[in-house]
Amino acid sequence: MVSSTAMAVVNGVANPLPADPRRTLLEWLREDLGLTGTKKGCDHGQCGACTVLVEGRRINSCLSLAQLHDGDEIETIEAIGTPDKLAPLQRAFVTHDGFQCGYCTPGQICSAKALMQELADGWASAQTEDLTARPSPTPEELRERMSGNICRCGAYSNIIAALEEVIAADADHQGTVA
Amino acid sequence: MRPFALDHAASTAEALQFLDDGATAIAGGTNLVDLMKLQIATPERLVSLRRSGLGDIAQDGEGLRIGALVTNADCAADMQVRENWPLLAKAILAGASPQLRNRATTGGNLCQRTRCGYFYDTSQACNKRDPGSGCAAREGFNRIHAVLGTSDACIATYPGDMAVAMLALEAVVLTQGPSGEREIPIAQFHLPPGDDPARDNVLEAGELITAVRLPAPTGGVQIYRKVRDRASYAFALVSVAVDLTMNEGRIARCALAFGSLGTVPWRDPAVEQVLIGEAPSSALFAKAAEVLLKDAQGFGANDFKIPLAARALAATLNDATRTGKA
Ligand SMILES: Cc1cc2nc3c(=O)[nH]c(=O)nc-3n(C[C@H](O)[C@H](O)[C@H](O)COP(=O)(O)OP(=O)(O)OC[C@H]3O[C@@H](n4cnc5c(N)ncnc54)[C@H](O)[C@@H]3O)c2cc1C
Ligand code: SF4
Ligand code: FES
Ligand code: FES
C-alpha cells in the first residue's frame with residue numbers, strides 16, 4: 001500500500017505518487033504528470049531513453065516502480081532547459097548535431113548531466129586505469145560513461161563532441177554549467 | 001504486470017516479517033520489475049527493502065561489510081573498495097550501465113536471474129521458469145549458455161559480474177531468516193541446476209540477504225577481464241577474475257573465478273594448484289586452461305566459449321603476472 005502522503009518532488013513540484021503499485025516511474029511521469037519529454041524506448045532497461053535524475057543520480061525510469069520514490073527529488077528533461085533558454089548541454093547538442101530523430105536525446109542529456117556530476121565526484125569507470133586517481137574526461141572515458149544510452153541514429157561521435165565542449169568549458173569539472 | 005500489493009519495510013525486522021508472510025523482496029527492481037512485466041515473476045505481494053536499514057558499507061575487522069541495499073554504483077565508488085578490493089569495483093563497473101548501477105543493489109545483483117532467451121519467452125519450454133516443461137536452449141540458440149556445470153534439465157549461466165569478483169575474493173553472504181542467521185561462503189551460494197533449475201541459490205523461503213562480507217585485503221594484483229559482444233552495456237560471454245601475488249618470479253598465490261562460463265560463478269581449486277609455485281609461461285597457462293576445461297561441454301552455438309575461455313585465462317594471467325607485485 002502507498003500511504004496517502006507518499007509524494008515525490010518532480011522538477012520542483014511535489015506530487016502524490018500513483019495509487020497503483022504497478023505504475024513505473026516512467027509511466028507516472030509521462031502519462032499521469034504529462035511530462036512526455038522522457039521517452040519510452042525498450043521499457044526493459046536496455047536503451048536509456050527513459051533516463052531521469054533521482055536525487056541527482058541517473059536511473060532508468062522504466063524499471064523503477066513509482067511508489068518506491070516516496071520523498072525523492074526527481075528531475076526530468078523539462079527542468080534542464082527551455083527552447084528559448086537552452087542549458088549548455090542542450091546548446092552543445094544543437095551545435096554539434098548530437099542527434100538526428102531526437103528520440104534518445106532527452107535521455108542522453110539527462111545522462112550527460114549526471115555524468116558530469118560523477119566526474120566531479122571522482123567516480124571511476126571501466127575505462128579508468130587507476131581507480132583511486134581523479135578520472136580525466138578522455139573520449140574513451142566519455143564513451144564508456146555514455147554507454148547506457150543507445151542512439152539508433154548513430155549520433156554517438158557528435159554526442160561525444162558536444163560533451164567534450166561542455167566539459168572543457170567547465171574546466172574544474174564541478175558539474176556547474178550542465 | 002499482474003496486480004500485486006506493495007509494502008515498505010521500515011526496518012530489517014519488519015522486512016523479515018513481510019517475507020515470512022510470503023512477500024517477495026524488491027530492492028532496485030532492475031531485474032524483478034523486468035520479470036514482472038513479462039509475467040515470468042508474478043508475486044502477489046512485494047516488500048520494498050529501501051528503508052530496511054541495510055544500506056551501509058562498514059569496516060568489519062580487517063574486512064568490509066557491504067549492506068545488501070548498497071547500490072552497485074556506491075560500492076564501486078567507495079574508496080575502501082577501490083583501494084583494497086579493486087577487483088570488486090572493476091567487476092561492478094564492467095557490468096550493466098551507469099543508470100542501472102545506480103539502482104542495482106548488492107543483494108539483488110547476487111539474486112539476478114539468468115539471461116537465457118527462452119527463460120524470458122513464456123511461449124517456450126524452460127525448466128527454470130516452468131519446471132518439467134523441458135529446455136528449449138539445449139537444441140536452440142545457446143550461444144550465451146554454459147559449458148561447465150550444466151545438467152540435462154538446464155544449461156543457463158548465472159550472468160552477473162559482481163559475484164565473480166566476490167568469488168575470487170572469498171566473500172561471505174550474510175543472511176537472516178526464519179531459522180536465524182547464516183554466513184554462506186559465496187562459493188556455496190549459487191546452485192548448479194541439477195534436476196531443480198528453478199532454484200538459483202541456497203536462500204530459503206523468507207530468508208533475506210543482509211550484507212556481504214569481504215575478508216581482509218590480499219594485496220594481490222587484481223584484474224577483471226570481461227569478453228563480450230560489444231565494448232560496454234552487454235553481459236559477458238566469458239569473464240575472468242584474478243587476484244594473484246608473485247614472489248621471486250613465481251606465482252605465490254592466486255585466486256581465479258570465471259563468469260558466464262558455468263551455470264554458476266565458477267572457481268576450480270585444481271586450476272590454482274597448477275599455477276601456484278610456478279613461473280609464468282604460456283605453457284603453464286595452457287595447462288591451467290586444460291584443467292579448467294577438461295569437463296567442458298558445448299551445445300553447438302556456444303562451443304566457441306571453450307577456446308575463448310582458454311585464451312581469456314592466458315591473457316589475464318599474462319597481464320597479472322607481468323604487472324605482479326612481489
Ligand atoms: C539491460 C541490462 C543489462 C545488465 N547488464 C548486466 C551486466 O553486464 N552484468 C551484471 O552483473 N548485471 C547486469 N544486469 C543485471 C543487474 O545487475 C541486476 O538487474 C541488478 O543487479 C539487480 O539488482 P536489484 O537491486 O535491482 O534487484 P531486484 O530486481 O530488486 O531483485 C532481484 C532479485 O533479488 C531478490 N532480492 C533483492 N534483494 C534481496 C535481498 N536483500 N535478499 C534476498 N533477496 C533479494 C529479489 O526478490 C529478486 O528476486 C543488467 C540488467 C539489465 C536490465
Ligand atoms: S537453459 Fe535453463 S533457463 Fe534456458 S531454456 Fe533451458 S531450462 Fe530454461
Ligand atoms: S525505456 Fe528504459 S531503458 Fe529503454
Ligand atoms: S537521435 Fe535518433 S535515436 Fe538518437
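In helix α1 (residues 25-32) of chain A, the buried residues are L25(A), L26(A), E27(A), W28(A) and L29(A). Buried denotes under 20% relative accessible area, exposed over 50%, and partly exposed the range in between (1.4 Å probe, protein chains only). Helices (H or I, at least four residues) and strands (E, at least two) are DSSP runs numbered from the N terminus. The model is predicted, with local features requiring pLDDT of at least 70 and side-chain atom pairs counted only at pLDDT 80 or more, while totals for chains, interfaces and linings use all residues. Residues are numbered from 1 along each chain as its sequence is written, chains are lettered from A and ligands numbered from 1 in the order in which they are written, and side-chain values use heavy atoms, with hydrogens and water left out.

The buried residues of α1(A) pack against β1 (7-10), β2 (13-16), β3 (51-54), β4 and β5 (73-75) of chain A. Just after α1(A), a positive phi of about 70 degrees is found at G34(A).

Contact between the two chains (heavy atoms within 4.5 Å) takes 39 residues from chain A and 43 residues from chain B. The area buried between chain A and chain B is about 3,400 Å², and carbon and sulfur atoms give 53% of this area. Buried area is the accessible area (1.4 Å probe) that two parts lose on being put together, summed over both. Of the area that chain A buries against chain B, 21% is supplied by L63(A), L68(A) and L131(A), more than by any other three residues.

Across the interface of chain A and chain B, 3 salt bridges are found, the criterion being a side-chain nitrogen of Lys or Arg within 4 Å of a carboxyl oxygen of Asp or Glu. D72(A) forms a salt bridge with R50(B), with the closest N and O atoms 2.5 Å apart. Between chain A and chain B, 24 residue pairs are in polar contact, both residues being at pLDDT 80 or more. A polar contact is a pair of N or O atoms within 3.5 Å; within protein, one must be able to donate a hydrogen and the other to accept it, and residues adjacent in sequence count only if both atoms are side-chain atoms.

On the side of chain A that touches chain B, the elements giving two or more residues are β4 (57-60), α3 (105-120) and α4 (139-145) of chain A. The most is given by β4(A), with 4 residues.

T105(A) lies in helix α3 of chain A and counts as buried because its relative accessibility is 12%. Leaving aside neighbours within four places in sequence, T105(A) is in contact with F93(A) and F99(A). T105(A) and T51(A) are 54 residues apart in sequence, with a C-alpha to C-alpha separation of 9.9 Å.

In chain B, T106(B) is found in helix α7 (residues 106-110) and is buried, at 1% relative accessibility. Its side chain reaches the backbone oxygen of V70(B) at 3.0 Å. Residues touched by T106(B), not counting those up to four places away in sequence, include I66(B), G67(B), V70(B), M162(B) and M166(B).

Over all chains the count is 1 aromatic pair. Rings of Phe, Tyr and Trp (its six-membered ring) pair if their centres lie within 6.5 Å; planes under 30 degrees apart count as stacked, over 60 as edge-to-face and the rest as tilted. F119(B) and Y120(B) form an edge-to-face pair, at 5.4 Å centre to centre and 80 degrees between the planes. F119(B) counts as buried at 1% relative accessibility, and Y120(B) counts as buried at 16%.
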